[in-house]
Amino acid sequence: MNRYIINGGKSLHGDVVIGGAKNAALGIIAGAILTDEPVTIENLPDVSDINVLLDAIKGIGATVDRIDPHKVVICGKTINSVVVKSEVIQKIRASYYLLGALIGKKGQAQVAMPGGCDIGSRPIDQHLKGFRALGVNCDENEKDNCIYANVTNLRGNGIFLDVASVGATINIMLAAVLAKGQTTVENAAKEPHIVDVANFLNSMGARIKGAGTDVIRIYGVESLRGTEYSIIPDQIEAGTFMCAVAAAKGDVTLKNVIPRHLEAISSKLEEIGVRVEESASGDEVRIVAEEGTRLGSSTVRTRVYPGFPTDMQPQITSVLMLGSGNSTVTETIFENRFRYVEELRKMGADIDVKDNKTAKIHGVESVTGTHIEVPDLRAGAALTIAALAAGGQTVLDWIDYIERGYEDFDGKLRGIGADIVKETVDDRSNLGTE
Ligand code: UD1
């Protein structure tokens with residue numbers, strides 16, 4: 001287990017370079033095995049979820065050549081197995097993308113049911129509904145906790161998603177790009193990483209239209225070719241640093257961002273008194289939160305893109321807990337995403353959670369460091385933000401969750417003046433994420 005020791009109360013100043021989007025990278029790595037030609041992926045985030053997925057594709061025979069921490073060359077020609085069952089892969093949510101990719105490539109897959117952060121029930125019925133519409137037989141075997149899928153004639157079809165699921169939308173695209181004929185996904189998710197995975201597949205010769213809207217059309221092609229592709233910046237990593245500056249105060253410029261992807265977060269922060277300035281070059285944002293001034297209050301509801309992202313819900317709560325007045329934060333996507341609130345209360349936050357759905361926040365002037373524990377990835381980011389803004393020292397246990405989704409989080413924070421160090425306590429880490 002790893003922990004952070006954070007001495008709070010230091011304002012943040014300087015520049016942070018934002019890495020590639022983890023949740024896009026996961027879909028892109030799975031998509032890379034669809035061709036027999038080499039695929040070069042750049043701006044890869046060096047986080048443990050990515051490394052687990054790369055190991056999983058290596059485990060089924062793909063060639064994985066890590067040129068440097070942020071660049072990998074993948075070749076799916078040598079894939080010789082359709083069985084992905086390791087204990088490690090079960091811990092990450094994105095294991096499900098190997099179902100779609102193997103169905104597309106081999107017409108068969110046996111993949112362990114996805115794990116991930118414990119933030120709700122997280123079914124994959126919409127993924128399976130989509131595969132079945134394409135002619136795939138899918139069985140969920142409860143004994144070995146695996147999905148068995150096979151298809152002899154993968155054919156396009158119309159699919160209406162009951163919920164606009166990010167994972168199901170990407171998974172159906174992965175399976176349908178090599179199907180015969182046209183697939184239409186209605187009520188598709190519109191998150192930036194959906195568009196990035198579609199752009200990546202199109203750069204391999206796929207024909208996907210409409211990604212980023214709620215109707216995606218996939219015209220099946222015979223085969224895909226190799227490509228070189230650079231992943232978009234991580235919206236959630238950027239949003240997390242924006243919230244860190246808002247809570248701890250200071251003046252920080254985030255480099256390598258797409259400001260449009262941050263609009264829901266920027267507008268909330270501006271509403272409560274943070275300055276957010278987009279650079280003329282269009283790939284930087286500057287966040288200014290004046291020291292000695294208290295932020296205001298707000299009402300936040302998580303929504304699918306372009307709404308406020310559920311993956312930013314814990315971080316904005318850490319900002320609002322220090323605002324003046326009362327705020328509410330309502331979670332509409334997952335049903336168990338407030339477990340971190342108990343930890344914030346230990347620091348002196350005044351927050352009540354109703355029905356696991358709405359946090360009623362009574363802003364306090366300050367919080368104080370104490371010994372707390374990370375319950376899941378984004379909650380870990382929120383607790384770090386709270387600790388940076390707190391008086392005194394916070395010991396934050398189980399930051400292993402954070403490392404699954406944030407590259408060098410403590411190093412980047414130290415680079416802008418935070419007093420944060422990482423300590424290894426023992427190595428029994430065995431955690432699920434997103
Ligand atoms: C992905 C992200 C996660 C993010 C979430 C929402 C990855 C690896 N994870 O998760 O960080 O919080 O999108 O932006 O990219 N649902 C069903 N049936 C399904 C699928 C989903 O009912 O078959 C429901 C879920 O329970 C949830 C909602 O749909 O309530 C959204 O889930 P989804 O968009 O699929 O999230 P994930 O792909 O799991």
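Select Met 173 and then show what surrounds it: leaving aside neighbours within four places in sequence, Met 173 is in contact with Ile 194, Val 197, Ala 198, Leu 201, Ile 208, Ile 216 and Ile 218, where contact means heavy atoms within 4.5 Å. Met 173 and Leu 201 are also among the residues with the most contacts inside the largest nonpolar core, a group of 83 residues in which Ile 33, Ile 41 and Leu 98 are listed as well. A nonpolar core here is a set of buried Ala, Val, Leu, Ile, Met, Phe, Trp, Tyr and Cys residues joined through side-chain atoms within 4.5 Å; buried means under 20% relative accessible area, exposed over 50%, and partly exposed in between, with a 1.4 Å probe and protein chains only. Another core, of 71 residues, lies apart from the largest one and includes Phe 241, Val 276, Phe 338 and Ala 359. In soluble globular proteins, nonpolar side chains tend to be buried together.

The model is a predicted one, in which local features need pLDDT of at least 70 and side-chain atom pairs count only at pLDDT 80 or more, while totals for chains, interfaces and linings use all residues. Residues are numbered from 1 along each chain as its sequence is written, and side-chain values use heavy atoms, with hydrogens and water left out.

Next, select residues 263–271, which form helix α8, and colour its buried residues, Ala 264, Ile 265, Ser 266, Lys 268 and Leu 269. Helices (H or I, at least four residues) and strands (E, at least two) are DSSP runs, numbered from the N terminus. Which elements do the buried residues of α8 pack against? They pack against α7 (235–248), β16 (275–278), β18 (299–301) and α9 (313–320). After α8 comes Gly 273, whose phi is positive, near 110°.

Now move to Thr 63, which belongs to strand β4 (residues 63–68). Is Thr 63 buried or partly exposed? With a relative accessible area of 40%, Thr 63 is partly exposed. Not counting residues up to four places away in sequence, Thr 63 touches Val 73, Ile 74, Cys 75 and Thr 78. If you draw a distance from Thr 63 to Ile 218, the two C-alpha atoms are 27 Å apart in space, and the residues are 155 apart in sequence.

Finally, zoom out to the whole chain, which has 13 helices and 24 strands. Along its principal axes, the C-alpha trace spans about 65 × 45 × 45 Å, and buried residues make up 60% of the 434 residues.
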